[in-house]
Amino acid sequence: FANGSAWAQYESFVWDGSAELGGRGVNTDGGTRNGAFGLYPTATVKPFTGPADEAKAQEYQNVNNGVIGVLDVRGSSKNYYMKFFGENFGRDDQFVEARGGAYDVFKAIVYQDRMPHNLSWNAITPLYNTWSNLQQGPAGAYPQARDPAAWNTFDYGIQRNTTGGAIEISARSPFFFRADYNEVQTTGTRPGSGQLGTGSGNGLIEFGVPTEYKTKNALFEGGYTARTWNVKLAYLDSKFSNSIDTMQWTNFYMRSALDASLLPPDNELKKWSLHATARDLWLDSTFLLRASQSKLTNSVDLGTGSVATPWNSGLKPTSNATVPGVLQPVGVGYLITAPLAPNSLGQLVPVSTFDGEEKTTSVQASINSTLMKGLDSRIYYNYYDKSNE
């Protein structure tokens with residue numbers, strides 16, 4: 001864009017920038033899977049060529065065929081400035097950012113950053129419904145569908161989108177205040193595994209775990225900045241939520257019953273932190289102090305172990321009953337591993353909810369001095385305490 005003035009009433013903003021528009025054509029080779037499989041109980045080995053997997057060529061970016069573009073616009077005046085930058089519009093790796101402010105008074109920013117993580121395309125599994133929290137395998141005596149040519153395909157990969165904004169105010173004074181908020185949303189299918197049977201000798205099965213995470217981060221901090229010293233106090237509140245708490249999958253070493261896996265539970269982190277420095281002290285010393293205290297909490301529903309919710313009965317539940325609306329193969333019964341906790345009388349009783357709480361306190365302080373030319377000293381103190389309640 002040609003330089004020009006606009007908004008004359010706002011102290012003659014001067015604008016400039018650039019816009020790019022183009023297209024991309026991509027051809028990727030080398031993603032063929034080659035391997036072999038044997039048919040139990042014979043030792044016959046057959047070659048196997050799997051579906052193409054070209055995910056590594058785009059592991060952290062989206063370079064598929066299509067339109068591409070970049071927009072970069074800047075404007076400023078004597079007292080104010082603004083800037084907008086965006087690229088890869090409409091793609092999985094889109095990035096847009098707008099920032100502005102008044103010099104030495106305030107500054108603000110809003111942004112969105114998308115990033116894919118493509119692990120594997122056309123991965124294969126004997127399970128069905130690989131996108132859901134109920135993944136079942138074919139019936140029959142183990143091993144079922146040993147021929148991978150008859151398996152189902154799915155894509156391993158997650159999409160991480162971060163959207164947020166921040167504002168910082170100083171008003172031409174030594175004091176400052178900053179507020180920052182963002183949401184991180186992670187969706188897709190990540191690798192997972194489960195233990196086959198009830199013993200370690202049966203090995204593991206790999207499967208895709210449906211992922212629907214969201215983390216909300218709010219940060220507030222304020223402080224004072226002088227020529228030789230500064231201090232800052234900050235508070236962070238971070239909430240993680242997972243909309244899929246458990247998943248079920250066919251365990252071939254349990255008469256093809258449905259096994260269950262517990263997925264990451266919701267949790268919340270609250271943290272206070274204090275940072276302070278002082279320079280130009282006696283012996284050209286510098287003092288640094290960092291202190292923080294945090295509390296991480298969660299509450300996990302372990303269920304009651306009823307027939308209606310067999311997957312919540314413990315760490316290794318299976319089912320031999322039919323839940324209305326949910327197809328379940330005949331299983332081996334319940335393997336209940338419900339936890340115990342003391343009641344008001346000190347007696348151990350089964351509990352249906354796990355409440356977690358971890359408190360962490362840390363302090364680091366140091367004084368760095370110059371005793372004489374070529375001789376420095378450092379006196380420091382470190383404290384760390386973590387309690388699991």
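**Chatting through salt bridges, cores and rings**

Trainee: Let's start with R33. Is R33 buried, exposed or partly exposed?

Mentor: R33 counts as partly exposed, because its relative accessibility is 24%, and the buried class stops under 20%. Keep in mind that this is a predicted model.

Trainee: Which side chain does R33 meet in a salt bridge?

Mentor: That would be D53, with an N to O distance of 3.3 Å. The two come from distant parts of the chain, 20 residues apart: R33 belongs to strand β3 (residues 33–38), while D53 is in the loop between β4 (45–50) and β5.

Trainee: And how many salt bridges does the count come to?

Mentor: The count comes to 13 salt bridges. Another one joins the side chains of R74 and D16, at 2.7 Å from N to O. R74 sits in strand β5 (residues 66–76) and D16 in strand β2 (residues 13–24), so this pair ties together parts that are 58 residues apart in sequence.

Trainee: Why do R74 and D16 count as partly exposed?

Mentor: R74 is put in that class because its relative accessibility is 31%. For D16 the reason is a relative accessibility of 24%.

Trainee: New topic. Which residues make up the largest nonpolar core?

Mentor: This core has 10 residues: L127, L196, I205, F207, V209, I244, M247, W249, F252 and L263. Two or more of them come from each of β12 (204–225) and β14 (246–251). The most come from β12, which gives 3 residues.

Trainee: Where do nonpolar side chains tend to be in general?

Mentor: In soluble globular proteins, they tend to be buried together.

Trainee: Is T225 buried, exposed or partly exposed?

Mentor: Partly exposed, because the relative accessible area of T225 is 43%.

Trainee: What about F175, which residues form an aromatic cluster with it?

Mentor: F175 forms one aromatic cluster with Y224 and W229.

Trainee: And how many aromatic pairs does the count come to?

Mentor: The count comes to 9 aromatic pairs. Take F154 and Y156: their ring centres are 4.9 Å apart and their planes stand at 80°, so the pair is edge-to-face. Both F154 and Y156 are buried.

Trainee: Last one: where does T130 lie?

Mentor: T130 is in the loop between β8 (106–125) and β9 (134–135). Not counting residues up to four places away in sequence, T130 touches T125, Q135, T153, F154 and G208.

Conventions:
Residues are numbered from 1 along each chain as its sequence is written. This is a predicted model: local features need pLDDT of at least 70, side-chain atom pairs count only at pLDDT 80 or more; totals for chains, interfaces and linings use all residues. Side-chain values use heavy atoms; hydrogens and water are left out. Helices (H or I, at least four residues) and strands (E, at least two) are DSSP runs, numbered from the N terminus. Contact means heavy atoms within 4.5 Å. A nonpolar core is a set of buried Ala, Val, Leu, Ile, Met, Phe, Trp, Tyr and Cys residues joined through side-chain atoms within 4.5 Å. Buried means under 20% relative accessible area, exposed over 50%, partly exposed in between (1.4 Å probe, protein chains only). Rings of Phe, Tyr and Trp (its six-membered ring) pair if their centres lie within 6.5 Å; planes under 30 degrees apart count as stacked, over 60 as edge-to-face and the rest as tilted. A salt bridge is a side-chain nitrogen of Lys or Arg within 4 Å of a carboxyl oxygen of Asp or Glu.
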